[in-house]
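Morning, everyone. Please have a look at the model on the screen, and then I'll take you through it.

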Amino acid sequence: MKKYLLLFLCLGSLFSYAQITTTTQWTWLKGDNTLNNPGVYGIQGTLNVANKPGAREGAVSWTDVSGNFYLFGGNGYASTATRGLMNDLWKYQVSTNSWVWLKGSNVIGDQGEYGSFGVSTATTRPGARKGSISWLDASGNLWLFGGDGLSPLNPQGLLNDLWRYSPSSNQWTWMNGEQNPDQPSEFGIKGVSAPGNVVGSRSGAVSWFSGVDELWLFGGLGYSVLGNSYANDLWRYDISTGEWTWMKGSDQFNQAGIYGTQMVANATNAPGSRHVSGNWKDASGNFWILGGEGRDEANGEGFLNDLWKYSIATNNWTWVKGDKLINILGVYGTAGTPAIANKPGSRARMYTWKDPSGLLWLYGGDGYGSATTGLLYDLWNFNTTSNQWTWMKGDGSVNVASVYGTQGTSSPTTRPGSRKGGVTFVDPAGNLWLLGGNGYPASGGPDLLNDLWKLGTMIVTPVYGLTLVASRLQSDVVLNWQTEQEINTESFTIERSKDGTNYTEIGSINASGNSNNKQAYTYSDINPLSGTIYYRIKAVSKSGISFSNIVVIRSGEGAIQIFPNPVIDKLNLQVSGINKGSFILISDAAGKKVLEQRLTAIGTVSLSVDVRSLSKGTFYLSVINGTLKQQEQFIKQ
């Protein structure tokens, strides 16, 4: 076992550190070590250690709040030796190493059943497909969009249907889009949601969930009357309104990238059109994409290795790392050592994860290693604060066979071989998992796989999913944070800074210790500093320390003025420092949301809110502006 003490140098000279422990060993847990195996479905809804999905590529996956893995569809093998598109939905339980077949057909080619918009039944279901886009929302529902697949009305084509799956009811609901394939986009006005806005049919796009009931989608291989082409449009779907908004990018296909200056955000920056890219969401809520197959700065078409970050708050892209041209070889450096010069080669259809400490991970794909092109088996991580890649395992060779060893037993030599197009999961303990794809088993290949692998505990951190938000409540600053899981956690230290560099402790709270459920904490700074204030939470455990995201409170920025108070009918609001994507919430004394309204203007915003429908009593008005939440209390008479 090797231990690395990694130093994180944050942008803006913010400094923190965390202890990272790496086992460097893969374990083959489930599935077969040969090609093109059909699945074993068992009884629908019944967990069984003998169950297993068939070999496939182009599936999608989710991890739910309980740490269970979900797998849907793809192109491959169902219950027989016949190959084709599937719509089977599976759940994997880590604790028992068992799969359960939940929904869909156990044969290929099922065309699905749409029913009516917004109405779920036991038989409604999406048709078989590959290359779909997926999300997990804040309520634990699974969302699915489009792909290359089948519908009841037409043969195979690109789809734009949006579906929601509820794990509690085990039912699918058709929420948006069309049954007919090959639908064009209806863009509307950039930045303005409308019922008539339509995301066109596509596959191989990337997706993110913002955490505020918004599903985001970028690029993909989209429908065109001249032939399917690469897109670089960015869309937002509001779950509460059921409307799409075209946010960035072009309404035309096959666009060259506009890179600007590396590490400098600009409204004109835009990744080139592409599909089957890598994607992540960082701890600060920024969206990231890597490479894919598409267009470079010169509008050349091929494999890319450019790394981009998108900020919801500014609605801008930043070119962070990588090259502006296609088909670039990787620079590996020394295994386990981060370096500015390190970079993965250009690639598409790779495997990606984000671990609990915030590192972005990458494995394999189809593209360029250290000398030539082929299927890859190299493992990398990217530190978003130091802006450096680290090559961890594998190497720059291509078309390398897997070494399985004994199922369930790790060793220094076991490894998944070169592959592309599979799916990934992260469990609550921070282990990285991958499943299947198109690649090389112990012999033969490449072709379809159904093997399940775990990279043993990559990260030992006190907490999983540590997220901090700040609120102003009159003269106090209220800090709220929550954790998804805690492992031997001892305490949380609240730290404050005037300059964003030098932090001092202002308080401490005992932690839950060990928990697999969400835990919430709060702390009030009753004597906040004047001007700009930086806050962060330090989690302390027996294995080391880690930090939350940093939040900033500025005097006058986001400060709310409301009048009259008490109010009878119209509550007037004025707030400054508003960015795109901000919104207001009104909740009752029990914390239940009673009203939500998006702020379409930026800067200083003044508006009136009709509160006549509210009952008499105490309410709280909050302005959500990125990670900053400002709150004021008012009385409804």
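Some ground rules. This is a predicted model, so to speak of local features we need pLDDT of at least 70, side-chain atom pairs count only at pLDDT 80 or more, and totals for chains, interfaces and linings use all residues. Residues are numbered from 1 along each chain as its sequence is written, and side-chain values use heavy atoms, with hydrogens and water left out.

Empty space comes first. Rolling a probe the size of a water molecule over the atoms shows where it is left. We work on a 1 Å grid over the protein atoms alone. A cavity is a set of points where a 1.4 Å probe fits but cannot get out. A pocket is an open set with protein on both sides within 12 Å along at least five of seven lines. Lining residues have an atom within 4 Å of a point. Grid points are joined across faces, edges and corners, and a volume is the space filled by probe spheres set on the points.

How many cavities of 30 Å³ or more are there? The count is four. Take the second largest cavity, with a volume of about 70 Å³. It is lined by 14 residues, and the closest to its centre are Arg56, Leu71, Val423, Leu435 and Gly436. Strands here are DSSP runs of E, at least two residues, numbered from the N terminus. Strand 4 (56–57), strand 31 (432–439) and strand 32 (447–455) each give at least two residues to that lining. By type, the lining has six nonpolar, six polar and two charged residues. For the classes, Ala, Val, Leu, Ile, Met, Phe, Trp, Tyr, Cys and Pro are nonpolar, Asp, Glu, Lys and Arg are charged, and the others, Gly among them, are polar.

Stay with strands 31 and 32 for a moment. Pro446 sits in the loop between them. The peptide bond joining Gly445 and Pro446 is cis, with omega about 5°.

Now the second largest pocket. It holds about 370 Å³ of space. Of its 17 lining residues, Gly191, Arg236, Arg598, Leu599 and Thr600 are the closest to the centre. Strand 17 (229–238), strand 18 (243–248) and strand 46 (593–598) each supply at least two lining residues. Which strand gives the largest share? That is strand 46, with three residues. The lining splits into four nonpolar, eight polar and five charged residues.

Strand 18 also holds Thr245. Is Thr245 buried or exposed? Buried means under 20% relative accessible area, exposed over 50%, and partly exposed in between, with a 1.4 Å probe and protein chains only. Thr245 is buried, at 1%. Contact means heavy atoms within 4.5 Å. Not counting residues up to four places away in sequence, Thr245 touches Gly191, Val192, Ser193, Asn197, Leu234, Trp235 and Arg236.

Next, the strand pair. Two strands pair if DSSP finds at least two bridges between them. Strand 27 (residues 373–383) and strand 28 run antiparallel, joined by five bridges. Asn381 faces Thr390 in strand 28. The hairpin has four residues between the strands, and Asn387 there takes a positive phi near 60°. Why is strand 28 (residues 388–393) called largely enclosed by the rest of the structure? Because six of its six residues are buried.

On to the loops. Asp110 lies between strand 8 (98–103) and strand 9 (129–130). Asp110 is buried, with a relative accessible area of 14%. Its side chain makes a polar contact of 2.7 Å with that of Asn87. For that term, we need a pair of N or O atoms within 3.5 Å; within protein, one must be able to donate a hydrogen and the other to accept it, and residues adjacent in sequence count only if both atoms are side-chain atoms.

The loop between strand 23 (316–321) and strand 24 (347–348) holds Leu325. Asn327 is in that loop too. Leu325 is partly exposed at 45%, and Asn327 is partly exposed at 29%. Asn327 has a positive phi of about 60°, although it is not a glycine.

That's my tour; questions, please.
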